[in-house]
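Please follow the chains of this model from their domains to their contacts and charges.

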Amino acid sequence: MLNPKAKIRLSILVGAILFSAISIFLIFKTLEDNIIYFYSPSEIKQINDIDTNKSIRVGGMVKDGSIQTKKDEIKFIVTDFKNEIIVTFSGTVPALFAEGKGVVAEGKLQDKEFFLAKRILAKHDENYMPPEINKNLEQNAK
Amino acid sequence: MIIDILNLNGHGVFVWPSFIFPLLVCYILFLRTKKTLSKLEKENIKEIKILSQQKFEHIKKQKISLLNSKT
Amino acid sequence: MFKYLNPSYIFTITGKILNVLKFIVTPIIIIGVIFSVFVSPIDYIQGDAVRIMYIHVPSAWISLICFAAISFLAILNFLFKIKSATLFYKSLAPIGLTFCFIAIFTGALWGQPTWGTWWAWDARLTSMLILSFFYIIFICGYKLTSNSERSAKICSFISVLGLINLIIIKYSVSWWPTLHQPSSISLFRESTVHLSMLIPLIIMLFALLLYSALIFLMKYRIETIRVKKKSLKD
């Protein structure tokens with residue numbers, strides 16, 4: 001069906017696809033630490049040597065009822081429902097920052113339990129709905 | 001009321017530009033494409049005219065030469 | 001039957017479609033904007049900021065579809081030397097690039113009020129930025145090379161790399177932890193966007209697709225005339 005020249009071109013193409021796929025996969029393997037945008041509290045638990053000078057990001061859910069505000073300092077617990085980490089932060093938080101919602105904190109680890117954040121980013125999920133619908137859902141859940 | 005619409009509970013600063021700029025960019029792209037297209041179409045018609053005229057004259061010459069050769 | 005494959009027949013037909021499209025695109029975009037800014041409800045967490053989704057998501061989709069199409073055509077041209085495929089991808093690439101930029105720009109405007117940042121180097125955002133680079137290299141690939149054989153090679157190689165990037169964009173939100181939320185709409189499961197918000201999204205998608213079709217047809221005519229001119233000169 002294919003003429004010989006097209007066959008050669010096809011094999012070149014397949015070779016190029018394989019070559020680039022493998023090289024990209026290897027690049028991603030080596031750069032994995034940079035691709036991961038944030039670590040979960042469980043992953044922090046598994047770190048053996050904590051570098052208190054390295055800036056990292058911790059992400060998860062803000063634990064219900066854990067937000068405490070004192071003056072301009074805010075303290076809350078980030079959880080992935082297996083492990084937890086306490087985050088302290090002074091500054092303004094995004095409007096979407098709330099209990100039970102996703103959060104990403106940028107800053108430095110004090111130790112495995114404490115995280116000093118320099119910046120707080122709010123993470124929202126893929127659900128979009130009007131407020132009334134959400135109210136109904138919550139009522140039904142009760 | 002107009003201020004409410006412009007403000008959108010404080011999100012107007014983000015919502016309005018995110019509609020206005022992309023639509024503006026779309027409009028500019030449309031205008032630029034239209035300009036190039038009409039320019040090319042005009043040139044195209046001109047060239048076809050010139051070509052057909054050349055053809056016409058060529059045929060005319062042939063006919064004249066044919067007539068001349070007959071007489 | 002052969003009548004429909006005749007280039008001059010296609011040329012007249014596209015001219016007719018163009019005239020219709022020119023009149024309906026603007027009203028549909030206006031309807032879409034009215035639906036997304038005034039008619040649709042606010043989101044339960046994001047409030048009015050959710051309205052940016054109605055332009056951000058369709059633009060991102062179109063830029064992804066466009067790249068898939070131009071890569072497919074470029075590879076087709078490389079394998080089988082189908083010259084008409086070059087006309088198609090040359091007409092599609094600028095549209096895809098435009099929508100890629102629109103998606104990144106509106107994404108920044110959406111990120112600030114919701115996440116609290118304009119930009120984050122997470123997998124989804126970075127791979128989308130890389131897509132815009134691929135578009136630029138692709139366009140340079142055929143604009144800057146006069147040799148059609150060489151441009152076919154360059155474009156198809158960029159396409160291969162770009163297609164891998166496309167897969168990365170698609171699955172970036174499920175493979176790695178990202179700031180960007182996972183996708184809400186999939187062919188295989190129920191969408192997590194409420195119906196009242198899905199309607200403006202679909203209208204905007206439809207409107208922008210029609211707009212893309214309009215630009216595509218105009219660009220296609222431009223490229224056809226250019227090819228004709230070249231062949232006349234030679």
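Chain A is divided into domain 1 (4–33) and domain 2 (37–123), with bounds that come from an automatic or database domain assignment, and the C-alpha centres of these two domains of chain A lie 40 Å apart. The model is predicted, so local features need pLDDT of at least 70 and side-chain atom pairs count only at pLDDT 80 or more, while totals for chains, interfaces and linings use all residues. Residues are numbered from 1 along each chain as its sequence is written, chains are lettered from A in the order in which they are written, and side-chain values use heavy atoms, leaving out hydrogens and water.

Chain A and chain B, by contrast, are joined by no contact, and their closest C-alpha atoms lie 11 Å apart.

Turning to charges, the whole structure holds 9 salt bridges over all chains, each defined as a side-chain nitrogen of Lys or Arg within 4 Å of a carboxyl oxygen of Asp or Glu. One salt bridge pairs Lys45(A) with Glu113(A) at 3.9 Å, N to O. Because Lys45(A) lies in helix H3 (residues 41–46) of chain A and Glu113(A) in the loop between strands E5 (102–109) and E6 (114–123) of chain A, this pair ties together parts that are 68 residues apart in sequence; helices (H or I, at least four residues) and strands (E, at least two) are DSSP runs, numbered from the N terminus.

Definitions and conventions:
Contact means heavy atoms within 4.5 Å.
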